[in-house]
Amino acid sequence: VSDWSSDVCSSDLAPVSSSFLYMPDRTQAIVLGALASLAFIAFGTLIFPATLARILLDYPSKHFLYPFTMQNIMHVLFFVALGDLFVRWRVGVRETSFLHQRYLPEDDQTVLRVKDLGPIRRRVIGQFDREHGILPSLIDLSILQFQSSHSVDQAASVMNSALQLTAHRVDMRYGMVRFIAWLVPTLGFIGTVYGLGAALMEAGENKGGLDLKEVARTLGIGFDATMTALMQSAVLVFVLQMVQAKEESAVNHAGEYTLRNLINRLYVERKS
């Protein structure tokens with residue numbers, strides 16, 4: 001049985017850099033996303049060619065008080081969702097970085113006894129909280145269970161339960177982005193329906209005869225809202241899938257690392 005507590009280098013037990021503890025604030029990211037959307041709208045109003053401004057911003061708007069158009073509302077929601085996804089991406093990067101900290105022995109010979117677990121637990125203490133630090137949290141929880149029960153099976157069971165709860169919590173964090181990805185095309189369809197209604201109303205109220213060019217223009221504005229919404233929704237769903245896959249991969253790798261390098265190395269000494 002290798003003595004992990006005496007063989008491990010002092011450098012291996014050094015605390016994790018404070019850069020790993022920094023996490024962007026979700027509220028700040030959402031506010032910055034909203035401000036970025038306002039900057040985009042202002043920039044587009046001033047710079048975009050007339051056709052592009054009509055398609056993306058509904059500028060100049062015929063049916064809404066600019067800038068409170070359907071497209072601009074969608075832009076605000078779009079950038080807010082991107083801000084939230086940026087935070088989730090940073091979380092995924094941070095969780096993945098813990099896998100390179102060598103909290104546990106990674107060779108093929110070392111086994112761990114109860115007395116070897118103290119230095120490991122001291123290292124991971126302070127590297128996690130209720131929301132972040134999946135790998136340090138799993139290691140700490142598994143060590144606590146093994147120290148109290150001296151049972152490898154119970155330690156493995158607690159680790160599996162913690163992994164399931166963590167995976168569920170990660171999935172719940174994407175609820176707002178999923179809602180926005182649904183809401184944006186819904187608003188686009190509402191804009192289209194409103195444009196259709198406005199076109200029919202104008203056609204009915206025009207006493208001088210039906211102006212097909214004006215009706216077509218009104219219909220085009222309505223369909224522009226749907227086209228913009230579908231493009232934004234496609235981008236959001238793609239980025240959401242990529243970011244969520246990264247965070248869920250970090251959860252799976254944390255569980256695999258803990259199982260391979262902690263649970264499978266635990267050794268219960270028999271009393272003579």
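Arginine 178 is partly exposed, with a relative accessible area of 33%, where partly exposed lies between buried, under 20% relative accessible area, and exposed, over 50% (1.4 Å probe, protein chains only). Its side chain meets that of aspartate 171 in a salt bridge with an N to O distance of 2.7 Å, a salt bridge being a side-chain nitrogen of Lys or Arg within 4 Å of a carboxyl oxygen of Asp or Glu; aspartate 171 is likewise partly exposed, at 31%. The model is predicted, and local features need pLDDT of at least 70, side-chain atom pairs count only at pLDDT 80 or more, and totals for chains, interfaces and linings use all residues. Residues are numbered from 1 along each chain as its sequence is written, and side-chain values use heavy atoms, with hydrogens and water left out.

The structure holds 10 salt bridges. One of them joins arginine 26 to aspartate 84, with the closest N and O atoms 2.8 Å apart; because arginine 26 lies in helix H2 and aspartate 84 in helix H4 (residues 70-97), the pair ties together parts that are 58 residues apart in sequence. Helices (H or I, at least four residues) are DSSP runs, numbered from the N terminus. Aspartate 84 is buried, at 0% relative accessible area, whereas arginine 26 is partly exposed, at 35%.

Glutamate 256 and arginine 260 form a salt bridge of 3.3 Å, N to O, and are four residues apart in helix H9 (residues 212-261), which means a separation of about one helical turn. Arginine 260 counts as exposed at 52%, while glutamate 256 is partly exposed at 40%. A network of salt bridges links Arg88, Glu131, Arg173 and Glu247.

Conventions: Helix = DSSP H or I, 4+ residues; strand = E, 2+ residues; numbered from the N terminus.
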